[in-house]
Amino acid sequence: MKAKNMIPICQVRLTEDEIQACCDVLRSGNLREGEKTRQFEDQFATMMGVKHAISVTSGTAALHLAYFSLLEPGDEVLVPAFTFISTASMVMLSGAKPVFCDIDPDTWTLSVEECERKKTERTKAVAPVHLFGNSCDIQSIQSFAQQNKLSVIWDAAQALGSQYKGKSVASYADIACFSFYPTKNMTTGEGGMITTDSDELAQKIRALKSHGESDRYQHPSVGFNYRITDLQAVLGIFQLEKVQQFIAKRKQVAQYYIESFKNNPAIQLQKETSDSNPSYNYFSIGLQLDKLNVSRDEFVQQLKDEGVQSAVHYPIPLNKQPCFESSETLSVSESLANRIVALPIHPYLNHEDIEIVANTINKLTS
Ligand SMILES: Cc1ncc(COP(=O)(O)O)c(C=O)c1O
């Protein structure tokens, strides 16, 4: 039997001009961080409406440097349990302790009430995640942080192009961290960016990403090598020009799904945070398992059989990952992890594909 063509969950298509630009860098022999990297950082900062953008090798490296620049050993950081591992693992590798908080049952982003409950005198920072591109309740988190004198490190890996109150999510202090992994809204292969308006933090992070060097072979502190090359930067420059078009397409796909599922009692949609304008890096649904005769994994298999690729972000909340040795029970995160499914969303889905995905899901859940 001929295998069905799968509708892919995400897709990257590089154009000839992007490939040519990479070839030009290769031919030039300038493979380290150079002029193209500076240009990429400047254009990123302008697009985000921030003073500084510092390129790094990944979103994970961005988080590592952000935490490392702000935390001391023994500090605690409030982290949502429902996120990708590096939001919390990089806290640990900076010598601090992630304290897991539950998420809001509707928006699936960090619950401020949980932060209030979990804070201690050792709490030094909060690390909210703009999950799937839906911004957190930035205003409430900022006032919680101000009242408790905490730094805020925004994990914006999935939120390039997302806005809150009409401004980019990067424009809210202290630091925002982005990822350019191929599943993200734009890509440089691997890559990441840190944004901040603070001159002091920017200077510190720039030094930390390159061996703690202030001047050539002068090392006031120790640091890492998290530099990108001009090869990634040149790709980033092209992708930045296209990212608004990519996001516009993602929004169209998301609107179609929302319209298709809004009256389906077996499907929970992620509620947009008020004042948020999401970029829809991912589109996940929460299955209402009590209204279905299948488990989430059986549902994923049924989708596959119908030619629709899906994924599960995330099957295990971080409070249940053995590496963190946490004894917390966080009911919203744990329930969502059992019933969440991510659907195809990317700029190259045609109308027929979107219709097939929506119709298949409605059929399987009716
Ligand atoms: C929420 C979140 N944080 C951090 C990261 C880490 O980014 P990277 O894969 O570029 O290291 C990701 C990427 O998957 C992510 O989705």
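**A tour from loop to pocket**

Begin by selecting Tyr314, which you will find in the loop that runs between helix 9 (296-305) and helix 10 (331-339); helices (H or I, at least four residues) and strands (E, at least two) are DSSP runs, numbered from the N terminus. The model is predicted, so local features need pLDDT of at least 70 and side-chain atom pairs pLDDT 80 or more, while totals for chains, interfaces and linings use all residues. Residues are numbered from 1 along each chain as its sequence is written, and side-chain values use heavy atoms, with hydrogens and water left out.

Then select His211, in the loop between helix 7 (199-208) and helix 8 (230-261), and look at its backbone: His211 is not a glycine, yet its phi is positive, at about 65°.

Now select the ligand and the 16 residues around it (each with a heavy atom within 4 Å), of which Gly59, Thr60, Asp155, Ser179 and Lys184 come nearest. If you colour this shell by class, you will see 5 nonpolar, 9 polar and 2 charged residues, where Asp, Glu, Lys and Arg count as charged and Gly is among the polar ones. Helix 3 (59-70) and helix 4 (86-92) each supply at least two residues of the shell, and helix 3 gives the most, with 3 residues.

Zoom in on the polar contacts (pairs of N or O atoms within 3.5 Å). At Thr60, a side-chain N or O atom is 2.5 Å from an oxygen atom of the ligand; at Gly59, a backbone N or O atom lies 2.8 Å from a ligand oxygen; and at Gln158, a side-chain N or O atom is 2.9 Å from an oxygen of the ligand. Taken alone, the ligand exposes 390 Å² (Shrake-Rupley method, 1.4 Å probe), and the protein buries 93% of that.

A pocket is an open set of points on a 1 Å grid where a 1.4 Å probe fits, with protein on both sides within 12 Å along at least five of seven lines, and lining residues have an atom within 4 Å of a point. Of the 23 lining residues, select Phe84, Ser86, Ser179, Tyr181 and Lys184, the closest to the centre of this pocket.

Terms used
A polar contact is a pair of N or O atoms within 3.5 Å; within protein, one must be able to donate a hydrogen and the other to accept it, and residues adjacent in sequence count only if both atoms are side-chain atoms.
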